[in-house]
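Please read the following report alongside the sequence and the coordinates.

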Amino acid sequence: MTDRLLRVAWLPGSDRLHGECHCGAASESDDPIAMWEWLSAHPDHPLGGPAVPVLPATPPRPPAHLVTALRR
């Protein structure tokens, strides 16, 4: 048995994951890859958890070839 236990648990009712490092650091994320990378980076992982991507203030314009429903 090892004392370096890493845990990731799904938070019911959401798309979030709760991760706990063996050093006691804990975080939440909705990206499983980012969560495992954060846990694997011990002891260099940031205390706040995995970085959350910043979304643009306005959504990008749809492509010109986008087909929409016809209105009559």
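## Surface and burial

In this predicted model, the accessible surface of the protein comes to about 6300 Å², and carbon and sulfur atoms contribute 59% of that area. Of the 72 residues in the protein, 18% are buried.

## Fold and contacts

The protein has three strands and one helix, and their order along the sequence follows the pattern β-β-β-α. Among contacts in the protein with a separation of 6 or more, 9% are accounted for by residues 24 or more positions apart.

## The salt bridge

The count of salt bridges comes to one. This salt bridge is formed by Glu28 and Arg16, whose closest N and O atoms are 3.8 Å apart. The pair links distant parts of the chain, since Glu28 belongs to strand 3 while Arg16 lies in the loop between strand 1 (7–10) and strand 2 (17–20), 12 residues apart.

Glu28 counts as partly exposed because its relative accessibility is 38%, and Arg16, at 30% relative accessibility, therefore also counts as partly exposed.

## A negative patch

Asp15, Asp30, Asp31 and Glu37 together form a negative surface patch. One of these residues, Asp31, is found in the loop between strand 3 (26–29) and helix 1 (32–40).

Definitions and conventions:
Residues numbered from 1 in each chain as written. Predicted model: local features only at pLDDT ≥ 70, side-chain atom pairs only at ≥ 80, totals over all residues. Heavy atoms only, no water. Patch = residues over 30% accessible without salt bridge, like charges linked within 9 Å, V, L, I, M, F, W, Y side chains within 5 Å. Areas by Shrake-Rupley, 256 points an atom, 1.4 Å probe, with all protein chains shown as cover. Salt bridge = Lys/Arg side-chain N within 4 Å of Asp/Glu carboxyl O. Lys, Arg positive; Asp, Glu negative; His and termini not counted. Charge placed at Lys NZ, Arg CZ, Asp CG, Glu CD. Helix = DSSP H or I, 4+ residues; strand = E, 2+ residues; numbered from the N terminus. Buried < 20%, exposed > 50% of the residue type's maximum accessible area, 1.4 Å probe, protein only. Contact = heavy atoms within 4.5 Å.
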